[in-house]
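Please keep the sequence and the 3D view open while reading.

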Amino acid sequence: MRYSFSMTPLADVLFQLLIFFMLSSNIVPYSMLTLRSGALEGGNANSQQERPETTATAVSSTAVWTLHPDGLVAGGQRFGMDSLPSLAEAISAQGTQNVLIVVRSGIRVQQITTVLETLATQGIESVQIASGGLE
């Protein structure tokens, strides 16, 4: 008696899993975001490269936002994510061109992407992201 193994049911299951994961995933073009990392200070003693001239940013021209899983804190006040466009418009109207985003634990990448896109629509492209650790 000879047993045979059919690959057809396995292929059907794989296609069903593929369709399930494609439909349940959150498809966002993260590659559309422009991210720059700052140059690290220090380095090894053997490097003879000239460091670019750095300029100091005035504290008054920098907004500090703290992202929480349920919203954000700006200027000591807690806001929901639905008020993000009006906050970005307000700091843009004040002439603020630098934003520091402090990210707390539990934040999803989608929330950071939403903040970056909202700031970019207001012309604010100088954004720094820092980890705020646990509360």
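Leu-17 lies in helix H1, which covers residues 8-24. Helices (H or I, at least four residues) and strands (E, at least two) are DSSP runs, numbered from the N terminus. Leu-17 is partly exposed, with a relative accessible area of 40%. On this scale, buried means under 20% relative accessible area, exposed means over 50%, and partly exposed lies in between (1.4 Å probe, protein chains only).

The model is a predicted one: local features need pLDDT of at least 70, side-chain atom pairs count only at pLDDT 80 or more, and totals for chains, interfaces and linings use all residues. Residues are numbered from 1 along each chain as its sequence is written, and side-chain values use heavy atoms, with hydrogens and water left out.

**Overall layout**

The protein has three helices and five strands. Along the sequence they follow the pattern α-β-β-β-α-β-α-β. Of the 135 residues, 22% count as buried. The protein exposes about 10600 Å², of which carbon and sulfur atoms supply 57%; accessible areas come from the Shrake-Rupley method with a 1.4 Å probe, and for residues only the protein chains shown count as cover. Among contacts (heavy atoms within 4.5 Å) between residues at least 6 apart in sequence, 72% join residues at least 24 apart.

**Strand pairing**

Two strands pair if DSSP finds at least two bridges between them.

| Strands | Sense | Bridges | Facing residues |
|---|---|---|---|
| E1 and E2 | antiparallel | four | Trp-65 and Ala-74 |
| E2 and E3 | antiparallel | three | Val-73 and Arg-78 |
| E1 and E4 | parallel | six | Trp-65 and Ile-101 |

A hairpin joins E1 to E2 through two residues. E2 and E3 also form a hairpin with two residues between them, and Gly-75 in that turn has a positive phi of about 65 degrees. Strand E1 is mostly covered, since five of its seven residues are buried.

**Core**

A nonpolar core is a set of buried Ala, Val, Leu, Ile, Met, Phe, Trp, Tyr and Cys residues joined through side-chain atoms within 4.5 Å. The largest one has 18 residues, and Trp-65, Val-99, Ile-101 and Leu-119 touch the most other members. The elements that give two or more residues to this core are strand E1 (62-68), strand E2 (71-74), helix H2 (84-93), strand E4 (98-104) and helix H3 (109-121).

Val-99 touches Ala-63, Trp-65, Ile-91, Leu-119, Ile-124, Ser-126, Val-127 and Gln-128, not counting residues up to four places away in sequence.

Leu-72 has its place in strand E2. Leu-72 is buried, with a relative accessible area of 0%. Leaving aside neighbours within four places in sequence, Leu-72 is in contact with Trp-65, Thr-66, Leu-67, Gln-77, Arg-78, Phe-79, Met-81, Leu-84 and Leu-87. Leu-72 and Ile-101 are 29 residues apart along the chain, and their C-alpha atoms are separated by 9.5 Å.

**Surface**

Which residues form a nonpolar patch on the surface? They are Phe-5, Met-7, Leu-10, Val-13, Leu-14, Leu-17, Phe-20 and Phe-21, with about 860 Å² of accessible area together. Patches are made of residues with over 30% relative accessible area and no salt bridge; like charges are joined within 9 Å, and nonpolar side chains (Val, Leu, Ile, Met, Phe, Trp, Tyr) within 5 Å.

Gln-94 lies in the loop between H2 and E4. Gln-94 is exposed, with a relative accessible area of 63%. From Gln-94 to Ser-61 the distance is 8.8 Å, C-alpha to C-alpha, although the two are 33 residues apart in sequence.

A search of the whole structure finds one salt bridge, meaning a side-chain nitrogen of Lys or Arg within 4 Å of a carboxyl oxygen of Asp or Glu. In this salt bridge the side chains of Arg-78 and Asp-70 meet at 3.3 Å, N to O. Both Arg-78 and Asp-70 are exposed. Side chains of opposite charge can pair when their charged atoms come close.
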